[in-house]
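Visitor: I would like a close look at a single part of this model, taken slowly and with the cut-offs spelled out.

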Amino acid sequence: MKAVADKKKAKNIPEYIIYMYQMEDLLRVYNFNMEDIRQYVISHYPISEAEKTEAAIWFAHLAFEMKKAKVEETGHLPVTQELVDQLASLHWTLLKTDKDYFDLYQNAKPHLIRLLLEAGENAPKHEIQIAINAIYGQLLARLRSREVPAEILEANDSFGDILSYLNWIYFKQEESKTRQN
């Protein structure tokens with residue numbers, strides 16, 4: 001679990017964010033009961049006992065951080081949300097400076113507006129959160145064997161395009177920072 005999270009964080013920030021949302025929800029489903037997490041989740045992974053112990057420690061740390069941040073019932077870890085906000089900041093910069101990104105955004109914009117209007121007062125604070133929530137919602141629907149409406153699939157294709165581009169630019173900037181240091 002931690003190894004999966006680390007690998008995603010090193011290669012694909014949107015996937016990492018969605019994975020972390022999934023892990024938060026997993027802890028909530030099991031009411032933060034670490035024994036149940038060990039028995040019903042960790043024990044079924046084909047990993048060594050040492051890795052299972054590491055996974056249990058990782059889940060316990062996540063549970064502690066969620067309780068500390070008071071996101072036991074809803075919301076997300078601040079460290080994860082910081083990454084969402086970083087992608088949103090990058091999004092706003094690219095809208096003004098990158099024509100290719102702007103074109104991708106134009107494809108996603110009608111879907112973003114529709115979802116924003118549907119959410120009403122419960123709307124997330126920015127468009128990148130809407131895109132991530134929509135893709136995460138599709139994942140949850142598929143996990144529950146529910147059909148995903150065609151308009152959501154279409155929307156998520158366009159959201160995936162903008163998130164992929166943001167991920168590419170994010171790591172390009174990170175690489176540039178590393179070379180400068």
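Which residues form one aromatic cluster?

Guide: Tyr101, Tyr165 and Trp168 form that cluster, where rings of Phe, Tyr and Trp (its six-membered ring) pair if their centres lie within 6.5 Å, with planes under 30 degrees apart counted as stacked, over 60 as edge-to-face and the rest as tilted. This is a predicted model, in which local features need pLDDT of at least 70 and side-chain atom pairs count only at pLDDT 80 or more, while totals for chains, interfaces and linings use all residues. Residues are numbered from 1 along each chain as its sequence is written, and side-chain values use heavy atoms, leaving out hydrogens and water.

Because they are 3 residues apart in helix H8, about one helical turn separates them; helices here are DSSP runs (H or I, at least four residues), numbered from the N terminus. Tyr165 is buried at 14% relative accessible area, whereas Trp168, at 47%, is partly exposed (buried is under 20%, exposed over 50%, partly exposed in between, with a 1.4 Å probe and protein chains only).

Tyr101 is one of the buried residues of H6, and what covers the buried residues of that helix includes H5, H7 and H8, contact being heavy atoms within 4.5 Å. Helix H8 itself covers residues 150–180, and its buried residues pack against helices that include H6 (99–119).

How values were computed:
Helices (H or I, at least four residues) and strands (E, at least two) are DSSP runs, numbered from the N terminus. The expected span of a helix is 1.5 Å times one less than its number of residues.
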